[in-house]
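Subject: A structure for you to look at

Hi,

Here is the structure I promised to hand over. Please have it open while you read the notes below.

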Amino acid sequence: MLNFEFFTPTKMIFGKDTHKRVGEVIKSYGFHKIMLHYGGGSIQKNGVYEQVTASLKDAGIDYLDFGGAEPNPKLELVEKGAQLCKDHGVELVLAVGGGSAIDSAKEIAVGACYDGSTWDFSTKAKTPQAALPVGVILTLAASGSEMSASAVITNEKLGLKRGYNSELHRPLFSICNPELTFTVNKFQTGCGIVDISMHTLERYFSKSPDTPLTDAIAESVVRQTIAAGRRAIKNPEDYDARADLMWASSLSHNDLTGCGRETFMACHQIEHELSGKYDFVAHGAGLSVIFPAWAKYVYKHNVPRFVQFANKVWDIPVSQENPEETALAGILATERYFAEIGMPVRLSQLNVGDEAFYEMAEKCTESGGRTLPGWLPLNTKEIVDIFELAK
Ligand code: NZQ
Ligand code: ZN
(Lines give C-alpha, C1' and ligand atoms only; values in the text may rest on other atoms or scores of the structure.)
(Ligands and ions follow the chains in the order given, each with its own letter.)
Protein backbone atom coordinates (compact mmCIF):
# COMPACT_ATOMS: atom_id res chain seq x y z
CA MET A 1 0.00 0.00 0.00
CA LEU A 2 1.35 3.43 -0.91
CA ASN A 3 1.43 6.27 1.63
CA PHE A 4 -1.66 8.42 1.43
CA GLU A 5 -3.52 11.38 2.90
CA PHE A 6 -7.29 11.17 3.22
CA PHE A 7 -9.19 14.40 3.85
CA THR A 8 -12.98 14.65 3.55
CA PRO A 9 -14.04 17.79 5.43
CA THR A 10 -17.51 17.94 3.85
CA LYS A 11 -20.35 17.56 6.31
CA MET A 12 -22.78 15.06 4.78
CA ILE A 13 -26.44 15.65 5.63
CA PHE A 14 -28.27 12.68 4.12
CA GLY A 15 -31.89 11.61 3.89
CA LYS A 16 -35.53 12.50 3.39
CA ASP A 17 -36.56 16.17 3.62
CA THR A 18 -33.02 17.28 4.53
CA HIS A 19 -32.96 20.00 1.83
CA LYS A 20 -35.76 21.80 3.65
CA ARG A 21 -33.29 22.50 6.48
CA VAL A 22 -30.78 24.30 4.28
CA GLY A 23 -31.58 27.75 5.72
CA GLU A 24 -30.87 26.70 9.29
CA VAL A 25 -27.73 24.82 8.21
CA ILE A 26 -26.33 27.96 6.56
CA LYS A 27 -27.35 30.07 9.54
CA SER A 28 -25.53 27.69 11.90
CA TYR A 29 -22.28 28.62 10.15
CA GLY A 30 -23.03 32.32 10.64
CA PHE A 31 -23.54 33.25 6.97
CA HIS A 32 -26.21 35.75 5.96
CA LYS A 33 -25.57 36.56 2.30
CA ILE A 34 -25.30 33.77 -0.24
CA MET A 35 -25.48 33.10 -3.96
CA LEU A 36 -28.04 30.48 -5.01
CA HIS A 37 -26.62 28.76 -8.09
CA TYR A 38 -28.38 26.09 -10.16
CA GLY A 39 -28.85 24.72 -13.67
CA GLY A 40 -31.35 25.12 -16.47
CA GLY A 41 -34.68 24.77 -14.73
CA SER A 42 -35.18 21.22 -13.40
CA ILE A 43 -35.37 22.53 -9.83
CA GLN A 44 -38.13 24.93 -10.78
CA LYS A 45 -40.08 22.14 -12.49
CA ASN A 46 -39.91 19.67 -9.60
CA GLY A 47 -40.58 22.16 -6.81
CA VAL A 48 -37.14 22.00 -5.18
CA TYR A 49 -36.46 25.68 -5.92
CA GLU A 50 -39.55 26.74 -4.00
CA GLN A 51 -38.70 24.52 -1.02
CA VAL A 52 -35.11 25.74 -0.88
CA THR A 53 -35.95 29.43 -1.17
CA ALA A 54 -38.67 29.04 1.47
CA SER A 55 -36.13 27.54 3.86
CA LEU A 56 -33.65 30.37 3.13
CA LYS A 57 -36.33 33.00 3.74
CA ASP A 58 -37.44 31.35 6.98
CA ALA A 59 -33.87 31.44 8.26
CA GLY A 60 -33.41 35.08 7.22
CA ILE A 61 -30.72 34.26 4.63
CA ASP A 62 -30.38 36.87 1.92
CA TYR A 63 -29.78 35.16 -1.44
CA LEU A 64 -28.65 36.32 -4.84
CA ASP A 65 -30.47 34.22 -7.44
CA PHE A 66 -28.07 33.11 -10.18
CA GLY A 67 -29.07 30.10 -12.31
CA GLY A 68 -28.14 28.92 -15.80
CA ALA A 69 -25.29 26.42 -15.32
CA GLU A 70 -25.38 24.19 -18.40
CA PRO A 71 -24.27 20.56 -18.63
CA ASN A 72 -20.49 20.77 -19.25
CA PRO A 73 -20.54 24.13 -17.39
CA LYS A 74 -19.04 27.13 -19.07
CA LEU A 75 -16.32 29.59 -18.10
CA GLU A 76 -18.26 32.66 -19.20
CA LEU A 77 -21.00 32.05 -16.62
CA VAL A 78 -18.37 31.37 -13.93
CA GLU A 79 -16.73 34.74 -14.59
CA LYS A 80 -20.08 36.51 -14.46
CA GLY A 81 -20.97 34.77 -11.19
CA ALA A 82 -17.61 35.55 -9.59
CA GLN A 83 -18.03 39.25 -10.39
CA LEU A 84 -21.53 39.24 -8.89
CA CYS A 85 -20.17 37.69 -5.68
CA LYS A 86 -17.56 40.45 -5.44
CA ASP A 87 -20.09 43.19 -6.16
CA HIS A 88 -22.61 41.93 -3.61
CA GLY A 89 -20.39 40.70 -0.78
CA VAL A 90 -21.53 37.08 -1.07
CA GLU A 91 -20.29 34.86 1.80
CA LEU A 92 -21.14 31.37 0.50
CA VAL A 93 -22.15 29.86 -2.85
CA LEU A 94 -24.97 27.32 -2.60
CA ALA A 95 -25.21 24.93 -5.56
CA VAL A 96 -28.50 23.13 -6.12
CA GLY A 97 -28.14 20.53 -8.85
CA GLY A 98 -25.82 17.96 -10.35
CA GLY A 99 -22.12 18.09 -11.14
CA SER A 100 -22.47 20.96 -13.59
CA ALA A 101 -24.11 23.36 -11.13
CA ILE A 102 -21.72 22.26 -8.38
CA ASP A 103 -18.57 22.67 -10.47
CA SER A 104 -19.77 26.02 -11.73
CA ALA A 105 -20.38 27.07 -8.09
CA LYS A 106 -16.92 25.86 -7.06
CA GLU A 107 -15.28 27.97 -9.73
CA ILE A 108 -17.44 31.00 -8.93
CA ALA A 109 -16.30 30.60 -5.32
CA VAL A 110 -12.65 30.54 -6.35
CA GLY A 111 -13.11 33.37 -8.86
CA ALA A 112 -14.74 35.57 -6.21
CA CYS A 113 -11.39 35.63 -4.39
CA TYR A 114 -9.17 36.16 -7.44
CA ASP A 115 -8.38 39.11 -9.71
CA GLY A 116 -8.37 37.37 -13.07
CA SER A 117 -9.93 34.47 -14.93
CA THR A 118 -10.27 31.11 -13.16
CA TRP A 119 -9.09 29.55 -16.43
CA ASP A 120 -5.60 30.28 -15.01
CA PHE A 121 -6.36 27.51 -12.50
CA SER A 122 -7.97 25.13 -15.00
CA THR A 123 -4.81 25.25 -17.12
CA LYS A 124 -2.77 24.83 -13.92
CA ALA A 125 -0.83 28.01 -14.77
CA LYS A 126 -1.72 29.21 -11.26
CA THR A 127 -2.91 27.65 -8.00
CA PRO A 128 -5.88 29.17 -6.19
CA GLN A 129 -5.08 30.55 -2.75
CA ALA A 130 -8.59 31.32 -1.45
CA ALA A 131 -12.23 30.59 -2.13
CA LEU A 132 -15.64 31.30 -0.69
CA PRO A 133 -17.17 28.26 1.01
CA VAL A 134 -19.50 26.17 -1.15
CA GLY A 135 -22.63 24.37 0.06
CA VAL A 136 -24.45 21.75 -2.01
CA ILE A 137 -27.95 20.39 -2.37
CA LEU A 138 -27.47 17.40 -4.66
CA THR A 139 -30.19 16.54 -7.18
CA LEU A 140 -28.36 13.96 -9.31
CA ALA A 141 -26.18 11.05 -8.17
CA ALA A 142 -23.29 11.00 -10.61
CA SER A 143 -20.27 13.28 -10.51
CA GLY A 144 -19.28 12.92 -6.87
CA SER A 145 -18.57 16.64 -6.94
CA GLU A 146 -20.57 16.98 -3.70
CA MET A 147 -17.53 15.60 -1.85
CA SER A 148 -14.69 15.83 -4.35
CA ALA A 149 -11.75 18.18 -4.67
CA SER A 150 -12.33 18.64 -8.42
CA ALA A 151 -14.08 21.12 -10.65
CA VAL A 152 -14.40 20.66 -14.41
CA ILE A 153 -15.11 23.69 -16.61
CA THR A 154 -15.41 24.19 -20.38
CA ASN A 155 -13.80 27.16 -22.04
CA GLU A 156 -16.25 27.51 -24.90
CA LYS A 157 -13.99 29.90 -26.85
CA LEU A 158 -11.14 27.37 -26.92
CA GLY A 159 -13.35 24.26 -27.11
CA LEU A 160 -11.43 22.86 -24.13
CA LYS A 161 -12.80 21.12 -21.05
CA ARG A 162 -10.38 21.02 -18.15
CA GLY A 163 -10.59 19.85 -14.56
CA TYR A 164 -8.25 20.46 -11.67
CA ASN A 165 -8.07 19.53 -8.02
CA SER A 166 -7.85 21.84 -5.04
CA GLU A 167 -8.74 21.25 -1.41
CA LEU A 168 -10.54 24.61 -1.65
CA HIS A 169 -13.10 22.80 -3.83
CA ARG A 170 -14.33 20.47 -1.11
CA PRO A 171 -17.83 21.64 -0.18
CA LEU A 172 -18.43 22.79 3.38
CA PHE A 173 -21.60 20.71 3.49
CA SER A 174 -23.60 18.56 1.12
CA ILE A 175 -27.28 17.92 1.60
CA CYS A 176 -28.26 14.69 -0.13
CA ASN A 177 -31.92 13.75 -0.25
CA PRO A 178 -32.39 10.71 -2.54
CA GLU A 179 -36.02 11.74 -3.15
CA LEU A 180 -34.77 14.74 -5.14
CA THR A 181 -33.40 12.30 -7.73
CA PHE A 182 -36.79 10.64 -8.42
CA THR A 183 -37.30 13.05 -11.34
CA VAL A 184 -33.95 12.27 -12.99
CA ASN A 185 -34.75 10.61 -16.32
CA LYS A 186 -33.52 7.20 -17.41
CA PHE A 187 -30.68 8.56 -19.53
CA GLN A 188 -29.24 10.82 -16.81
CA THR A 189 -29.69 8.04 -14.25
CA GLY A 190 -27.66 5.80 -16.56
CA CYS A 191 -25.00 8.49 -16.99
CA GLY A 192 -24.76 8.67 -13.21
CA ILE A 193 -24.43 4.90 -12.78
CA VAL A 194 -21.58 4.85 -15.31
CA ASP A 195 -19.82 7.87 -13.78
CA ILE A 196 -20.00 6.45 -10.24
CA SER A 197 -18.67 3.11 -11.46
CA MET A 198 -15.88 4.81 -13.37
CA HIS A 199 -14.73 6.98 -10.48
CA THR A 200 -14.26 3.76 -8.57
CA LEU A 201 -12.84 1.64 -11.38
CA GLU A 202 -10.33 4.20 -12.63
CA ARG A 203 -8.76 4.09 -9.16
CA TYR A 204 -9.05 0.28 -9.02
CA PHE A 205 -7.29 -0.13 -12.37
CA SER A 206 -4.42 2.21 -11.51
CA LYS A 207 -0.79 1.13 -11.69
CA SER A 208 -0.27 0.24 -8.01
CA PRO A 209 0.33 -2.91 -6.01
CA ASP A 210 -2.81 -4.60 -4.69
CA THR A 211 -4.46 -3.03 -1.66
CA PRO A 212 -6.88 -5.68 -0.37
CA LEU A 213 -9.00 -3.44 1.86
CA THR A 214 -9.27 -0.57 -0.63
CA ASP A 215 -9.92 -3.14 -3.38
CA ALA A 216 -12.76 -4.71 -1.40
CA ILE A 217 -14.33 -1.29 -0.73
CA ALA A 218 -14.11 -0.45 -4.43
CA GLU A 219 -15.53 -3.81 -5.55
CA SER A 220 -18.41 -3.39 -3.12
CA VAL A 221 -19.18 0.16 -4.27
CA VAL A 222 -19.32 -1.03 -7.90
CA ARG A 223 -21.41 -4.13 -7.10
CA GLN A 224 -23.95 -2.07 -5.16
CA THR A 225 -24.01 0.58 -7.89
CA ILE A 226 -24.75 -2.07 -10.51
CA ALA A 227 -27.55 -3.58 -8.41
CA ALA A 228 -29.09 -0.30 -7.28
CA GLY A 229 -28.74 1.05 -10.82
CA ARG A 230 -30.85 -1.76 -12.23
CA ARG A 231 -33.55 -1.08 -9.63
CA ALA A 232 -33.56 2.71 -10.11
CA ILE A 233 -33.81 2.37 -13.88
CA LYS A 234 -36.79 0.04 -13.47
CA ASN A 235 -38.48 2.05 -10.75
CA PRO A 236 -37.29 5.69 -10.55
CA GLU A 237 -39.02 6.13 -7.19
CA ASP A 238 -37.30 3.23 -5.43
CA TYR A 239 -35.98 5.21 -2.45
CA ASP A 240 -33.44 2.66 -1.28
CA ALA A 241 -31.98 2.23 -4.77
CA ARG A 242 -31.74 6.01 -5.23
CA ALA A 243 -30.19 6.28 -1.75
CA ASP A 244 -27.53 3.67 -2.53
CA LEU A 245 -26.67 5.46 -5.78
CA MET A 246 -26.44 8.81 -4.01
CA TRP A 247 -24.18 7.52 -1.26
CA ALA A 248 -22.08 5.62 -3.81
CA SER A 249 -21.70 8.84 -5.82
CA SER A 250 -20.01 10.50 -2.84
CA LEU A 251 -17.92 7.49 -1.77
CA SER A 252 -16.71 6.83 -5.29
CA HIS A 253 -15.09 10.21 -5.67
CA ASN A 254 -14.13 11.43 -2.19
CA ASP A 255 -10.89 9.41 -2.60
CA LEU A 256 -11.93 6.53 -0.29
CA THR A 257 -11.85 4.03 -3.16
CA GLY A 258 -8.29 5.06 -4.02
CA CYS A 259 -6.59 5.08 -0.61
CA GLY A 260 -3.08 3.66 -0.93
CA ARG A 261 -3.26 3.60 -4.71
CA GLU A 262 -1.82 5.88 -7.33
CA THR A 263 -4.66 7.52 -9.22
CA PHE A 264 -4.65 8.76 -12.74
CA MET A 265 -7.95 8.71 -14.54
CA ALA A 266 -7.11 7.95 -18.16
CA CYS A 267 -10.67 7.30 -19.36
CA HIS A 268 -11.76 10.56 -17.73
CA GLN A 269 -8.97 12.45 -19.46
CA ILE A 270 -9.96 10.99 -22.83
CA GLU A 271 -13.67 11.57 -22.19
CA HIS A 272 -13.13 15.23 -21.31
CA GLU A 273 -11.73 15.71 -24.83
CA LEU A 274 -14.88 14.11 -26.22
CA SER A 275 -17.41 16.21 -24.30
CA GLY A 276 -15.14 19.27 -24.66
CA LYS A 277 -15.20 18.90 -28.45
CA TYR A 278 -18.81 17.72 -28.72
CA ASP A 279 -20.88 19.68 -26.21
CA PHE A 280 -23.90 17.39 -26.79
CA VAL A 281 -22.01 14.44 -25.27
CA ALA A 282 -22.91 13.91 -21.61
CA HIS A 283 -19.95 12.97 -19.43
CA GLY A 284 -21.38 9.60 -18.33
CA ALA A 285 -22.35 8.69 -21.89
CA GLY A 286 -18.83 9.48 -23.08
CA LEU A 287 -17.38 7.26 -20.35
CA SER A 288 -19.65 4.33 -21.18
CA VAL A 289 -18.19 4.38 -24.70
CA ILE A 290 -14.55 5.01 -23.74
CA PHE A 291 -14.17 2.53 -20.85
CA PRO A 292 -14.90 -0.70 -22.79
CA ALA A 293 -12.58 0.41 -25.60
CA TRP A 294 -9.82 1.42 -23.17
CA ALA A 295 -10.16 -1.84 -21.22
CA LYS A 296 -10.01 -3.99 -24.38
CA TYR A 297 -6.92 -2.06 -25.44
CA VAL A 298 -4.96 -2.40 -22.18
CA TYR A 299 -6.17 -5.55 -20.39
CA LYS A 300 -3.43 -7.84 -21.68
CA HIS A 301 -0.92 -5.65 -19.84
CA ASN A 302 -2.42 -6.58 -16.46
CA VAL A 303 -4.51 -9.71 -16.85
CA PRO A 304 -4.59 -10.61 -13.11
CA ARG A 305 -6.21 -7.29 -12.21
CA PHE A 306 -8.95 -7.71 -14.80
CA VAL A 307 -9.44 -11.32 -13.68
CA GLN A 308 -9.96 -10.10 -10.11
CA PHE A 309 -12.47 -7.53 -11.37
CA ALA A 310 -14.36 -10.15 -13.41
CA ASN A 311 -14.51 -12.51 -10.47
CA LYS A 312 -15.21 -10.13 -7.56
CA VAL A 313 -17.58 -7.76 -9.34
CA TRP A 314 -19.28 -10.02 -11.90
CA ASP A 315 -18.95 -13.43 -10.17
CA ILE A 316 -17.29 -14.87 -13.28
CA PRO A 317 -15.43 -18.10 -12.42
CA VAL A 318 -11.66 -17.82 -12.88
CA SER A 319 -10.27 -19.96 -15.67
CA GLN A 320 -6.84 -21.29 -14.66
CA GLU A 321 -6.09 -22.43 -18.23
CA ASN A 322 -7.13 -19.21 -19.90
CA PRO A 323 -7.14 -16.21 -17.52
CA GLU A 324 -7.25 -13.80 -20.47
CA GLU A 325 -10.67 -15.21 -21.30
CA THR A 326 -11.88 -14.43 -17.76
CA ALA A 327 -10.40 -10.93 -17.94
CA LEU A 328 -12.17 -10.22 -21.23
CA ALA A 329 -15.43 -11.68 -19.94
CA GLY A 330 -15.43 -9.07 -17.13
CA ILE A 331 -14.99 -6.25 -19.63
CA LEU A 332 -17.77 -7.61 -21.86
CA ALA A 333 -20.08 -8.01 -18.85
CA THR A 334 -19.53 -4.33 -18.02
CA GLU A 335 -20.21 -3.32 -21.62
CA ARG A 336 -23.41 -5.42 -21.69
CA TYR A 337 -24.56 -3.86 -18.42
CA PHE A 338 -24.04 -0.33 -19.74
CA ALA A 339 -26.09 -1.25 -22.84
CA GLU A 340 -28.75 -2.90 -20.66
CA ILE A 341 -29.32 0.33 -18.72
CA GLY A 342 -29.67 2.23 -22.00
CA MET A 343 -26.21 3.73 -22.31
CA PRO A 344 -24.28 4.02 -25.58
CA VAL A 345 -21.21 1.80 -25.94
CA ARG A 346 -20.01 3.00 -29.35
CA LEU A 347 -19.18 6.47 -30.65
CA SER A 348 -21.61 5.97 -33.52
CA GLN A 349 -24.42 5.84 -30.94
CA LEU A 350 -23.31 9.30 -29.81
CA ASN A 351 -23.31 10.50 -33.43
CA VAL A 352 -19.57 11.12 -33.21
CA GLY A 353 -17.58 10.28 -36.35
CA ASP A 354 -13.85 9.74 -36.77
CA GLU A 355 -13.07 13.20 -38.13
CA ALA A 356 -11.50 14.55 -34.92
CA PHE A 357 -9.82 11.49 -33.36
CA TYR A 358 -6.34 12.84 -33.95
CA GLU A 359 -7.25 16.38 -32.86
CA MET A 360 -8.77 15.14 -29.58
CA ALA A 361 -5.83 12.81 -28.91
CA GLU A 362 -3.36 15.63 -29.54
CA LYS A 363 -5.24 17.90 -27.14
CA CYS A 364 -5.26 15.15 -24.53
CA THR A 365 -1.49 14.64 -24.75
CA GLU A 366 -0.78 18.35 -25.24
CA SER A 367 0.66 17.52 -28.67
CA GLY A 368 2.73 14.65 -27.36
CA GLY A 369 4.03 16.68 -24.41
CA ARG A 370 2.43 14.41 -21.81
CA THR A 371 1.66 10.73 -21.60
CA LEU A 372 -1.29 9.26 -19.70
CA PRO A 373 0.38 6.85 -17.28
CA GLY A 374 -0.75 3.30 -16.57
CA TRP A 375 0.29 -0.26 -17.33
CA LEU A 376 0.34 0.84 -20.93
CA PRO A 377 1.31 4.52 -21.16
CA LEU A 378 -0.94 6.29 -23.64
CA ASN A 379 0.27 8.89 -26.09
CA THR A 380 -1.44 10.31 -29.17
CA LYS A 381 -1.22 7.11 -31.22
CA GLU A 382 -2.64 4.90 -28.48
CA ILE A 383 -5.50 7.33 -27.78
CA VAL A 384 -6.39 7.38 -31.49
CA ASP A 385 -6.35 3.54 -31.40
CA ILE A 386 -8.78 3.62 -28.46
CA PHE A 387 -11.11 5.99 -30.33
CA GLU A 388 -10.91 3.59 -33.30
CA LEU A 389 -11.90 0.67 -31.06
CA ALA A 390 -14.83 2.73 -29.76
CA LYS A 391 -16.22 3.53 -33.25
O1 NZQ B 1 -29.68 21.92 -15.54
P2 NZQ B 1 -30.91 21.32 -14.97
O3 NZQ B 1 -32.15 21.92 -15.46
O4 NZQ B 1 -30.84 21.22 -13.48
O5 NZQ B 1 -31.00 19.79 -15.54
C6 NZQ B 1 -29.99 18.82 -15.34
C7 NZQ B 1 -29.19 18.56 -16.60
O8 NZQ B 1 -29.95 18.78 -17.75
C9 NZQ B 1 -30.64 17.48 -15.09
N10 NZQ B 1 -31.01 17.25 -13.68
C11 NZQ B 1 -30.25 17.40 -12.59
N12 NZQ B 1 -30.93 17.04 -11.49
C13 NZQ B 1 -32.18 16.69 -11.91
C14 NZQ B 1 -32.22 16.82 -13.31
N15 NZQ B 1 -33.34 16.55 -14.04
C16 NZQ B 1 -34.43 16.13 -13.36
N17 NZQ B 1 -34.45 15.96 -12.02
C18 NZQ B 1 -33.35 16.22 -11.27
N19 NZQ B 1 -33.38 16.02 -9.94
O20 NZQ B 1 -29.66 16.53 -15.49
C21 NZQ B 1 -28.87 17.08 -16.53
C22 NZQ B 1 -27.41 16.79 -16.27
O23 NZQ B 1 -26.96 17.50 -15.15
P24 NZQ B 1 -25.39 17.66 -14.88
O25 NZQ B 1 -25.22 18.42 -13.63
O26 NZQ B 1 -24.71 18.15 -16.11
O27 NZQ B 1 -24.94 16.12 -14.69
P28 NZQ B 1 -23.82 15.44 -13.81
O29 NZQ B 1 -24.16 15.45 -12.38
O30 NZQ B 1 -23.57 14.15 -14.45
O31 NZQ B 1 -22.55 16.39 -13.97
C32 NZQ B 1 -21.76 16.34 -15.13
C33 NZQ B 1 -20.62 17.32 -15.04
O34 NZQ B 1 -19.77 17.00 -13.92
C35 NZQ B 1 -18.42 16.90 -14.37
C36 NZQ B 1 -18.59 16.38 -15.77
O37 NZQ B 1 -17.43 16.50 -16.56
C38 NZQ B 1 -19.74 17.22 -16.28
O39 NZQ B 1 -19.29 18.50 -16.68
N40 NZQ B 1 -17.66 16.08 -13.44
C41 NZQ B 1 -17.29 16.64 -12.27
C42 NZQ B 1 -16.53 15.96 -11.35
C43 NZQ B 1 -16.10 16.59 -10.09
N44 NZQ B 1 -16.25 17.90 -9.96
O45 NZQ B 1 -15.58 15.93 -9.18
C46 NZQ B 1 -16.07 14.60 -11.59
C47 NZQ B 1 -16.71 13.93 -12.75
O48 NZQ B 1 -15.79 12.98 -13.24
C49 NZQ B 1 -17.12 14.82 -13.85
O50 NZQ B 1 -16.03 15.08 -14.73
ZN1 ZN C 1 -16.67 11.36 -13.91
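Does His283 count as buried or exposed? His283 is buried, because its relative accessibility is 16% and buried means under 20% relative accessible area, with exposed over 50% and partly exposed in between (1.4 Å probe, protein chains only).

Before the rest, some housekeeping. This is a predicted model, in which local features need pLDDT of at least 70 and side-chain atom pairs count only at pLDDT 80 or more, while totals for chains, interfaces and linings use all residues. Residues are numbered from 1 along each chain as its sequence is written, chains are lettered from A and ligands numbered from 1 in the order in which they are written, and side-chain values use heavy atoms, with hydrogens and water left out.

**Around ligand 1**

There are 32 residues around ligand 1, and Ser42, Gly99, Ser100, Ser148 and His199 come nearest; a residue counts as near if one of its heavy atoms lies within 4 Å. An oxygen atom of ligand 1 is 2.8 Å from a side-chain N or O atom of Lys161, and a nitrogen atom of ligand 1 is 2.9 Å from a backbone N or O atom of Leu180. The protein covers 88% of the 960 Å² of accessible area that ligand 1 has on its own (Shrake-Rupley method, 1.4 Å probe).

**Aromatic rings**

Rings of Phe, Tyr and Trp (its six-membered ring) pair if their centres lie within 6.5 Å; planes under 30 degrees apart count as stacked, over 60 as edge-to-face and the rest as tilted. The count comes to 22 aromatic pairs. Among them, Phe357 and Phe387 are stacked, at 5.3 Å centre to centre and 20 degrees between the planes. Both Phe357 and Phe387 are buried.

Best wishes

Key:
A polar contact is a pair of N or O atoms within 3.5 Å; within protein, one must be able to donate a hydrogen and the other to accept it, and residues adjacent in sequence count only if both atoms are side-chain atoms.
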